[in-house]
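Subject: Structure handover

Hello,

Here is the structure I said I would pass on. My notes on what was found in it follow below.

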Amino acid sequence: GKQAEWGERKTYDLEKEIKVIQDYYNIKTHFPILSKFSQEKDNPEYIQAKKALDDQLETFYKVKDFIDIMLVDLNGNILYAASKRHADIEIGKSLPDSKSLAFKKGKEQIYFSEVFEEYDKNIEMMVSAPLYDFEGRVSGVIVLEIDMDYIYTLMQDRAGLGETEETFIAKSINDNELIFLSPLRYDKNALLVKKVKLGETRALPIQDACFNKRNNLGISLDYRGKKVIAVWKYMPLMDWGLVSKIDIDEAFAAIYTLRKFFIVVAAFFLVLVLAISLIVSKIISKSVSKLESAEKQIRNQAEKSIKILFLFKERNKQLKKAKHEADTANKTKSDFLAHMSHELRSPLNAIIGFSQELKDEHPGGLNAAQKEFIGYVLDSGLYLLDLINDILDLAKVESGKIDIVKTEVNLKDLIGRSVN
């Protein structure tokens, strides 16, 4: 789903952004000054260096929606925080993650920390990376502090999606257990609390993503034990599993509704066609009756007077007009039959095509009941398509446009199929 694609893209965006900050000339120039005068914050050199960093990093962290950008020395002490609110609290202290892995790992490589709850009850994570001086030596650690609420909001954006759709993330905490790193739609207290053990019969997609580190899609059981259609991905940079899912009852509801709708529409148009055929037939019969009556009258009265002859001519005009009207009505009926049959056949072919795809299990495996239901849809669609093709053939016969192709047939087989 779009949330799964967004999650992977967001990971690489964060990695790219911290790599950009690693190369900032401004940081390489002024961080050593902050380190040198960390105990003399009134020193003019310290004040000038901090201002130079503020001018660049304050704007950057606000534009990127980070909580903060921090610079940490090799002793693990925070020497700089772009957020003024955090600076008063955090300068001189260690990073807020419980195991200090953001500092330890960040000295060696780009590291995505665990999701944790900070002192102000805010749920966040950190991305850290080595800070190099101009000689390429590690002089400290750069840390991006990320607000998880922003990520949760984007993950749960359901615009244009179903009522039961949701996206969430989780992470394995050991070889046999995972923990949910985001709120769940049907379990509001799951964040950093709800766990699932390897081998449980529920939450199968997130188990596959976290423990087997696989990307996949299909029909499975979610954390409620309910059948869903799901897409799941393993995000290696963060070591997260991400699942986007929707209840299978809602996903297939549209197919059942569409099937009923087209059956009703097809029945309506068939009744309409029959009604029009009956009306046209009555018009033609009436015209023929008028023609026979007029001819008889003209034949009996032709010899009586010129007045009868004039009457004959007038009657003849009326007959031609009636015949023209009958031909027009017949052509209108044929055009209507052909047009409406084509209009029905186009959406019907879509139904048959999608039904065949589902029956062949191209999107994913189906259970026996689902295969049976899809079979009903496909059979009904093919039957209705045969009826529409017969109507098209009838329209071609009546309009004189049918092509007769001579070919050899097996008479025995033909008679056998007709009997059956």
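**Helix α3**

Please keep in mind that this is a predicted model. I begin with helix α3, where the buried residues are Tyr46, Ala49, Ala52, Leu53, Asp54, Leu57, Glu58, Phe60 and Tyr61. The helix covers residues 44–63, 20 residues in total. From its first C-alpha to its last it reaches 29 Å, close to the 28 Å expected at 1.5 Å a residue.

Just after α3, Asp65 has a positive phi of about 65°.

Glu58 also belongs to α3. Its relative accessible area is 16%, and because buried means under 20%, Glu58 counts as buried. Glu58 and Ala82 are 24 residues apart along the chain, yet their C-alpha atoms are separated by 5.2 Å.

**Two further buried residues**

His86 is part of helix α4, residues 84–90. With a relative accessibility of 1%, His86 is classed as buried. Its side chain makes a polar contact with the side chain of Arg85, at 3.2 Å.

Ser128 sits in strand β5, which spans residues 123–132. The relative accessible area of Ser128 is 0%, so this residue is buried as well. Val143 is 15 residues away from Ser128 in sequence, while the C-alpha to C-alpha distance between the two is 4.3 Å.

**The largest pocket**

The largest pocket has a volume of about 320 Å³. It is lined by 17 residues, of which Ser98, Lys99, Glu114, Val115 and Phe116 are the closest to its centre. Which elements each supply at least two residues of the lining? They are α5 (101–106), β4 (116–117) and β7 (166–174). By residue class, the lining holds 10 nonpolar, two polar and five charged residues.

Most residues other than glycine have a negative phi.

Leu192 is not a glycine but has a positive phi of about 60°. Leu192 is located in the loop that runs between β8 (177–180) and β9 (195–197). Its relative accessible area of 27% makes Leu192 partly exposed.

Lys213, likewise not a glycine, has a positive phi of about 55°. The loop in this case is the one between α7 (204–211) and β10 (216–221). Lys213 is partly exposed too, at 42% relative accessibility.

**Helix α11**

Last, is helix α11 largely in the open or buried? The helix has nine residues, 411–419, and the number buried is zero, so α11 lies largely in the open. Its N-terminal end is capped by Asn410, which places a side-chain oxygen 3.1 Å from the backbone nitrogen of Lys412.

Regards

Terms used
Residues numbered from 1 in each chain as written. Predicted model: local features only at pLDDT ≥ 70, side-chain atom pairs only at ≥ 80, totals over all residues. Heavy atoms only, no water. 1 Å grid on protein atoms, 1.4 Å probe; cavity = no way out; pocket = protein on both sides within 12 Å on 5 of 7 lines; lining within 4 Å. Points joined across faces, edges and corners; volume = space filled by probe spheres on them. Helix = DSSP H or I, 4+ residues; strand = E, 2+ residues; numbered from the N terminus. Nonpolar A, V, L, I, M, F, W, Y, C, P; charged D, E, K, R; others polar. Expected span 1.5 Å × (residues − 1). Buried < 20%, exposed > 50% of the residue type's maximum accessible area, 1.4 Å probe, protein only. Polar contact = N/O pair within 3.5 Å; in protein donor to acceptor, adjacent residues only side chain to side chain.
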